[in-house]
Amino acid sequence: MSKTITIDGLEIPFQEGQTIMDAAIDADIYIPHLCHNPDYEPHGSCKLCTVKVNGRNCSACTFPATEGQDIINNSDDLAHNRKRITQMLFVEGNHFCPSCEKTGNCQLQGVAYYLDMHDNHFPHFFTNRKMDASHPDILIDHNRCIFCNLCVRASQEKDHKNVFAISGRGINKRLIINSRSGQLKDSDIDLHDCAAHICPTGAILIKRTGYQVPIGQRIYDQQKIDEVALAKENKHHGR
Amino acid sequence: MQTFTQSTIDKHKASPVQLLQILRDIQAEYQHISAEAIEMVATALNIARTQIISVIEFYSFLHASPTGKYDLLISDSITDHMLGKQNLMTYFASQLNVSIGELRADGLVSLNNTSCSGMCDQGPAGLVNGYALTHLDRQRIDAIAQLIEQQIPIKQWPAEFFTVNDNIYQTDLLLQEPIESGAALKARYQRGLTETLTEIDISGLRGRGGAGFKTAMKWRFCSEEAETERYVVCNADEGEPGTFKDRVLLNSYAHQVFEGMTVCASIIGATQGFLYLRGEYLHLYDKLENILQERRSSGLLGNNILHQDFNFDIEIRLGCGAYICGEESALIESLEGKRGIPRNRPPYPVAQGYLHKPTVVNNVETFLAAAKITVQGGQWFADVGTEQSQGTKILSVSGDCARPGIYEYPFGVTVEQVLDDCGALDVLGIQVGGPSGTFIDKQEIQRKLAFEDLATGGSFIIFNQSRNILDIVKNFTHFFAHESCGFCTPCRVGTSLLKKQLDKITDGYGSAGDVVALEELCQLVKNNSHCGLGQTAANPILSTLERYPEFYQQQLKDISYEPGFDLDASLATARRLANRDDAGAHLTQVGED
């Protein structure tokens, strides 16, 4: 007999070694997330996937599922906090959706739609971040980086390189490039690397591919992020 | 450059876990770590240059661009402020002709702030090239400025500038009589492994860092892990502002602390231990190394300890200025030569700690107590204190009192008793447990220091009626924003937002709704952050907001909305560009009738 956990009153099975997020995805339950991608080691930093496990806040993407856990994923409180955390990410960087090539395909934006976010709530930091357009094929706009660490993990785990790293402390956190000059053009990155395509926002873009799909016809223009995420992350979704 | 850098790399066996120690050496020699040095270390240690850059940017005492040949850091602890730090800092800057946070053009001197340096009982305090300076005053600053201008090496400066006193005023079970070196280890082997652990269990000893996990349970969990390579770590990264007891314990009771670690190692089966010493206590380093050497010579450390076929050694690793490294999993990351980012838990360090091997991390005071319990037996300790908090607690008392220093009491002592003993008059309130603890009002002095009531890692800062509560809260809130590691969103962005929102209110730009917004933000940061730093960063605001809401409300303007900046002042540039200064070129924020 398989072991089970309960999410919002629904009993679902899990395999030993799975996190709450893994079990939820398998059961076709969406828990909002940005730094998590099932193809990579869980990171647990964005805190969007915070759920209540037996009354205690835990990150679903890193917390192991254990028999009998009573988990709350959908509540007004959690939804409100998730919205606030998303707003924090918006004010920390410089996100101007209407002028961003990623608009409509951006997970940060998709999550914001899903959480019914209509304003930034918090004061902006207006931080001064640079762009790195040095590479012939790949552009980095640090203004849009949310420190999900996915490019770092993709480069290490899938590309077996070490192109990206997180540096700085606290609010001075920043994404750095592993090259002598610090520029992307001098790094080991290749256009076909997973790391070049993993960014959930518009921080890492491929040059000369912009605006091929008109705004209005893009992913989150048409579908909510819960549907999109489950379709991608759950093999049995929709069956 | 190459010869020195190569020699420090060699000294540390080109081991990646020694990265912080290597970078400390290079920083001390060249006042920064150059791009060239980064490349050299990366190649020698076979790690990515980005790991080195990220470590340099993470720790306050490491720099990629040069600091002064004399690098002065002045402690920013609230207690230093209460002793006139701000004035002294300005005076220092003017005497040395250097701006705060900058390097003087000739490269001779740099001056900056640093988080609490652990000298709250003898401030205003600071650090020069990492070495602790105490009792700073104008006279001393004049002398220091002169020594610097004459480029006198620090080793030749007057010794009294660097004098650090213990200031022990109240002793009890632990401080009264240190054990004789080796006594705990002998008792441990006479009694046996299980029996010794049982005594630790009977004693009821709980972790003295503040969290209060049962020590015997931690040691047992670690010893039961399947993996047999295990480690003992002593957490001497005492960064909580207002705490300095570990400094005293390591200065005067180090033998007993090391003995506690050794007893632990013999129980859990470890062969290697580490003392993670905060960088601010560099002045203790040589002394502690000598004590370790002494212990090796007397057969209490090293190979075949007490002829029991037991091998264990202790290595001292210095931190580089990061409060977060007091969190045990961040400390372990730091020990491994990385940025101090708290790990996801589970797994806990007892299962997967240093190098992902089972590791016991305990506070300095915990090891000190464990050593004596091993000699005296568990009941001796359990007889003292309260039901859930056995034994004694060593407090670091500072702030407005006649005798700031170290006080040891049985758990359950009232706040009032401590205030009486240290000579505190005209008390306004007390910060118990440091900024991450609780601010209590003078009405609450009957409350008890114990896990049942006011849990504390030992910081006890007293404020008299002349102090402004919002100044205190501001200092603490800025501290957390500065020390947030930046890993998780709620703490990284949240602590900076807390700082902005609090400053908006205290600077007089707050309006109706801003206190409510502040409180909401506090709850968000508290409930969603990854580790204890973020979970407690809002405590200074929350605990004072609960007790003194009127102080916050009084700061608010009597209008429904006020921008978080001076509207008219922001137009100054525009006025200058337009060459106008007439009434129409000014804006005023009008209050509601």
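Colleague: In which loop of chain A is A:Phe126 found?

Modeller: This is a predicted model: local features need pLDDT of at least 70, side-chain atom pairs count only at pLDDT 80 or more, and totals for chains, interfaces and linings use all residues. Residues are numbered from 1 along each chain as its sequence is written, while chains are lettered from A and ligands numbered from 1 in the order in which they are written. Helices (H or I, at least four residues) and strands (E, at least two) are DSSP runs, numbered from the N terminus. A:Phe126 is found in the loop between helix 3 (107-114) and strand 6 (131-132) of chain A.

Colleague: Is A:Phe126 buried or exposed?

Modeller: A residue is buried if 20 or more other C-beta atoms lie within 10 Å of its own, exposed if 12 or fewer, and partly exposed in between, with C-beta atoms placed from the backbone. A:Phe126 has 7 other C-beta atoms within 10 Å, so this residue counts as exposed.

Colleague: What is the phi of A:Phe126?

Modeller: Most residues other than glycine have a negative phi. A:Phe126 is not a glycine, yet its phi is positive, near 45°.

Colleague: What is the phi of B:His307?

Modeller: B:His307 sits in the loop between helix 13 (285-297) and strand 9 (313-318) of chain B. With 8 other C-beta atoms within 10 Å, B:His307 is exposed. B:His307 is not a glycine, but its phi is positive, about 55°.

Colleague: Which residue in the turn between strand 1 and strand 2 of chain A has a positive phi?

Modeller: Two strands pair if DSSP finds at least two bridges between them. Strand 1 (residues 3-7) and strand 2 (residues 10-14) of chain A pair in the antiparallel sense over 5 bridges, and A:Thr6 has A:Glu11 as its bridge partner in strand 2 of chain A. The two strands form a hairpin with 2 residues between them, and the residue in the turn with a positive phi, of about 50°, is A:Asp8.

Colleague: How many residues of domain 1 of chain A touching domain 2 of chain A are nonpolar?

Modeller: Chain A is divided into domain 1 (3-81 + 225-233) and domain 2 (95-222), with bounds from an automatic or database domain assignment. In contact (C-beta atoms, placed from the backbone, within 7 Å) are 14 residues of domain 1 of chain A and 18 residues of domain 2 of chain A. Ala, Val, Leu, Ile, Met, Phe, Trp, Tyr, Cys and Pro count as nonpolar, Asp, Glu, Lys and Arg as charged, and the others, Gly among them, as polar. On the side of domain 1 of chain A that touches domain 2 of chain A, 3 residues are polar, 2 are charged and the number of nonpolar ones is 9.

Colleague: Which helix of chain B gives the most to the side that touches chain A?

Modeller: Between the chains, 30 residues of chain B are in contact with 27 residues of chain A. Helix 4 (49-58), helix 18 (469-483), helix 19 (489-506) and helix 20 (514-528) of chain B each supply at least two residues of that side. The side of chain B that touches chain A divides into 12 nonpolar, 14 polar and 4 charged residues. With 8 residues, the helix of chain B that gives the most is helix 19.

Colleague: Which strands stand at the edges of the open sheet of 6 strands in chain B?

Modeller: The order of this sheet is 6-12-11-15-13-14, with mixed pairing. Strand 13 (residues 427-432) and strand 14 of chain B pair in the antiparallel sense over 4 bridges, and B:Gly429 stands opposite B:Asp441 in strand 14 of chain B. An edge strand here has a single partner strand, so one side of it is left without a neighbour in the sheet; the two are strand 6 (168-170) and strand 14 (438-441) of chain B.

Colleague: Within what arc do the buried residues of helix 8 of chain B fall?

Modeller: The buried residues of helix 8 (residues 183-191) of chain B are B:Ala184, B:Leu185, B:Ala187 and B:Arg188. The arc is that of the directions from the helix axis to the C-beta atoms. Those residues line one face of helix 8 of chain B, because seen down its axis they fall within an arc of 160°.

Colleague: How many C-beta neighbours does B:Gly118 have inside 10 Å?

Modeller: B:Gly118 lies in the loop between strand 3 (109-114) and strand 4 (126-128) of chain B. Beyond its neighbours within four places in sequence, the contacts of B:Gly118 include B:Phe244, B:Arg247 and B:Tyr281. B:Gly118 counts as buried because its C-beta neighbours inside 10 Å number 27.

Key:
Two residues are in contact if their C-beta atoms, placed from the backbone, lie within 7 Å.
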